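Here's a quick walk through a two-chain model, from the interface down to single residues. Have the viewer open as you read.

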Amino acid sequence: MGNLVVNEKNIVIPGEEIANGMDFLPSFGTYRDGESIIANRLGLVSVRNRVIKVIALNGVYMPQMEDLIIGIVKDVGFSGWTIDIGSVTYANLPVGEAVRDKVELLKSDISKFYEIGDIIITKVMNVTKSRIVQLSMRDHGLRKLQGGIIVKVVPQKIPRIIGKQGSMVGMIKEYTKCDISVGQNGFIWICGPADKMNITKRAIKLIEEKSHISGLTDKVKEFLESESK
Amino acid sequence: MKRPDGRKPEDLRPMEAKVGVIENATGSAMFRIGNTIAIAGVYGPREMHPKRLEDPEKSVIKCYYDMYSFSVPERKRPGPDRRSIELSMVIRNALEPAILTKEFPKSGIDIFVSIIQADAGTRCAAITAASMALADAGIPMKDLVCAVACGNVRDTAVADLNKEEEDVELTTDIPIAYMPRAKKITLLQADGDLTAERFKEALKLGIQGCEQIYELQKKALREKYQVSGEMIEDKD
């Protein structure tokens, strides 16, 4: 017979025992040692039927297939681009996935499509076993972003910044009239007049900092109202 | 036997731990034991530089130990010296068995530890702070690592020596790093002579001390995230 040592949604520390007995199965963020299941990272315990996992509270972005993310072009290669996506390693965007027409690589310079420093909104096409990340631009809405600034936040706090059905980000857009694109990787692109961009940036930082406070929406609303006078 | 600061042989100095002290780091922590203060910051896992040192199977851990020039009574020449380069290696070797490096191939994890006040036991304080910072950064680890020095002063086994005791003639200083759940020792050094019997006594006191530090580490890590716990709860 197995039983839980730690309750669900409690915080666990690496090396802490979550459950013992063979009735439970270890999943993400846990490992089995003998009879017991041990957390291997700091986070919240989640139990679904017999599967135990730990939801991380901090850390770098781990790419997953079909994620919509924002990246910065770091290098232009012979047949593709190297993109900084705020993850463990840089990602790769091949020409074939970025440009619709056929490109003669030997005759043309692909930096006419994307230059170093360009901000793009892109999609994770594939993540290989050895963690090579392939990006793609073949979907609607995926494009180069002109102008604007990038704000980086902890990727685990993205759900709070978006809010329920995009309520939080929608409210910021309404008050500041800025264009905002939120990438799953924790990069947020903001475009608008300089002073409005500054307010938006501070509002996002406020959400990141106080993401645990209840009634966060009201707090942010108050901040935006006082700033937009 | 009376110790200079009136402690019993098994007592540790007063301790304090805090998590999340450096804003720009992925994870950070401060640990104080007596008059020794260590601040650790963890950056990454991130792109490995220099590129030729990257490992396609696991992430590479780099550690920088630095003692500030004002940390000791006599001004220390700033910058890395022979001692701090060796200690960087010692700290890295003590932490590496706990970190699951295979989760992030081709990456590098940078650990920076600064000693802003030194009163013996700096490498142990550095390991304790760095392991909290690693956990705060969300890096997968088998276990936390806690460390404390023990030793043999005037033919008595004691835990957590301070500078005064360390400077006594014929003192042996034994820093220990310990993984409390796995019950494994990841660092054990000794400079000086002592009998096998004294060594066993000292080791026992050291491990007891590590268990105490472990409780403090867990408390400090929980404190930072306790409030954030609600965050996920009202999302469902």
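How many residues of chain B are in contact with chain A?

## The interface

The answer is 35 residues of chain B, which are in contact with 25 residues of chain A; contact here takes C-beta atoms, placed from the backbone, that lie within 7 Å of each other. On the chain B side, the elements giving two or more residues are strand 3 (36-47), helix 2 (122-136), helix 4 (196-226) and helix 5 (229-233). Helices (H or I, at least four residues) and strands (E, at least two) are DSSP runs, numbered from the N terminus.

Sorted by class, that side of chain B has 15 nonpolar, 7 polar and 13 charged residues. Nonpolar covers Ala, Val, Leu, Ile, Met, Phe, Trp, Tyr, Cys and Pro, charged covers Asp, Glu, Lys and Arg, and the others, Gly among them, go down as polar.

## What you're looking at

This is a predicted model, where local features need pLDDT of at least 70, side-chain atom pairs count only at pLDDT 80 or more, and totals for chains, interfaces and linings use all residues. Residues are numbered from 1 along each chain as its sequence is written, while chains are lettered from A and ligands numbered from 1 in the order in which they are written.

Start with helix 3 (residues 167-176) and helix 4 (residues 194-209) of chain A, which pack at an angle of about 155 degrees with their axes 10 Å apart. The axes are lines fitted to C-alpha atoms, for helices over the stretch in contact, and angles run from 0 to 180 degrees between N-to-C directions. That angle makes helix 3 of chain A roughly antiparallel to helix 4 of chain A, a label for angles over 145 degrees. Their crossing is right-handed, meaning the near helix is turned clockwise from the far one by less than a right angle. Helix 3 of chain A brings A:M168, A:I172 and A:T176 to the contact, and helix 4 of chain A brings A:K196, A:I199, A:T200, A:A203 and A:I207. By class, that's 5 nonpolar, 2 polar and 1 charged.

Helix 4 of chain A also meets helix 5 (residues 216-227) of chain A: the axes come within 10 Å and cross at roughly 155 degrees. So helix 4 of chain A is roughly antiparallel to helix 5 of chain A, and this crossing is right-handed. From helix 4 of chain A come A:I199, A:A203, A:L206 and A:I207, facing A:L216, A:V220, A:F223, A:L224 and A:E227 of helix 5 of chain A. The class count here is 8 nonpolar, no polar and 1 charged.

## Strand pairing in chain A

Two strands pair if DSSP finds at least two bridges between them. Strand 1 (residues 3-4) and strand 3 (residues 17-20) of chain A pair in the antiparallel sense over 2 bridges, with A:N20 as the bridge partner of A:N3. Strand 3 of chain A is joined to strand 6 (residues 36-39) of chain A by 3 bridges, again antiparallel, and A:A19 stands opposite A:I37 there.

An open sheet of 4 strands in chain A has the order 2-7-8-4, with mixed pairing. Strand 2 (11-12) and strand 4 (25-26) of chain A are its edges, each pairing on one side only. Strand 4 of chain A runs parallel to strand 8 (residues 51-56) of chain A over 2 bridges, where A:P26 stands opposite A:I52.

Strand 9 (residues 68-76) and strand 10 of chain A are antiparallel, with 4 bridges, and form a hairpin with 3 residues between them. A:I83 of strand 10 of chain A stands opposite A:V73, and the bridge partner of A:I83 in strand 11 of chain A is A:A91. The hairpin of strands 10 and 11 of chain A has 6 residues between the strands, and in it A:G86 takes a positive phi near 70 degrees.

A:T89 lies in the loop between strand 10 (80-84) and strand 11 (91-94) of chain A. Is A:T89 buried or exposed? A:T89 counts as buried, with 23 C-beta neighbours inside 10 Å; the cut-off is 20 or more other C-beta atoms, placed from the backbone, within 10 Å. Leaving out residues up to four places away in sequence, A:T89 touches A:R131, B:E47, B:K106 and B:S107.

How values were computed. Parallel < 35°, antiparallel > 145°, perpendicular 65-115°, else oblique. Contact = placed C-beta atoms within 7 Å. Buried ≥ 20, exposed ≤ 12 C-beta atoms within 10 Å, placed from the backbone.
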